[in-house]
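Have the structure open and follow along.

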Amino acid sequence: MTDPETPATGWVPEAAEEEAAEEEMPLSLRLSIADTLTLGNATCGFMAVYFTTTGILIPHLTGSDESGMARHSAATAVILMLLAAIFDLCDGLVARKLRSSPMGAELDNLSDLISFGLAPAYFVLVYGMVADDAHQRVSALAAIVVLLAVVLRLARFSCVTMKDGMFQGMPSPFGALTVVSIVLLELPFVPTLLAIVGVAWLMVSRVEYPKPRGVLAVAMLSWIVGAMGLLAAWAFDAPGGQLLLQTGCALQIVLAATIPLFATTRRVNTFRHNRRENREARAAQPTQ
């Protein structure tokens, strides 16, 4: 005997079909506030590539001598990467305070790949093309190294469980900002190349980095906002803007080099401490 509300032909009301589809769908497509911030991260990364192309690469290929436009576009691209870092920092804070959709982790990885993998790698590539055409292939290789380092770093982050409060390897936003700072310092090509490869290695290394929470998150946010001001001053050719930019970039590089040294020193001290405790424990055991 068929249900009186359902015809014998097997036709199911539209509302029942929608309800059944919702039950079968494993993930919700409704974006949370944290997911919206993550999409802002991806948008900033894409626009950084856009400004690098239209303001730096195309004028170079067409033989334009407008250095002011290139400087302004470079600053805009880096500011967008800094904004992406702010979005990346805030979406994690918001997700912990409120909630994130089941797609949150995947959206975060994909957005980070655009903003902190593709955008800085492309910036390195264009830098090599603009600096010297003879360095195009080498700069392309360095850009690939940066991109692959971010890909491997994000993939490992999804698979490896770390102790609370720590990252394994330099976080991709920090690595991207360090790579860009190295380029903006305009050092000789070989030291620049070696420093970029070194940052890529740090991103896939096992060096432990603290997660930006509490005071550290506020300090990082303040540094990013300050860096934006330095870039803006440099872009509009303000008095002392070049010196301020170089100082900011140098501080970023020094910070990137200092954290692994402290982490390595702490790891060595912990190893020695554990080894001494084990030796003392063995010595305290009664002999038979």
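To sort a lining by class, Ala, Val, Leu, Ile, Met, Phe, Trp, Tyr, Cys and Pro count as nonpolar, Asp, Glu, Lys and Arg as charged, and the others, Gly among them, as polar. Keep in mind that this is a predicted model, where local features need pLDDT of at least 70, side-chain atom pairs count only at pLDDT 80 or more, and totals for chains, interfaces and linings use all residues. Residues are numbered from 1 along each chain as its sequence is written, and side-chain values use heavy atoms, with hydrogens and water left out.

Start with the cavities (on a 1 Å grid over the protein atoms alone, sets of points where a 1.4 Å probe fits but cannot get out; lining residues have an atom within 4 Å of a point). The largest cavity holds about 130 Å³, a volume being the space filled by probe spheres set on the points, with grid points joined across faces, edges and corners. Its lining has 13 residues, and Ser181, Trp223, Ala227, Leu231 and Cys249 sit nearest the centre. By class, that lining splits into 11 nonpolar, two polar and no charged residues.

Now look for a pocket, an open set with protein on both sides within 12 Å along at least five of seven lines. The second largest pocket has a volume of about 500 Å³. Of the 20 residues lining this pocket, Ile56, Ala70, Ala74, Val130 and Glu186 lie nearest its centre. Here the classes come to 11 nonpolar, six polar and three charged.

Stay with Glu186 for a moment: its phi is positive, about 55°, although it is not a glycine. Most residues other than glycine have a negative phi.
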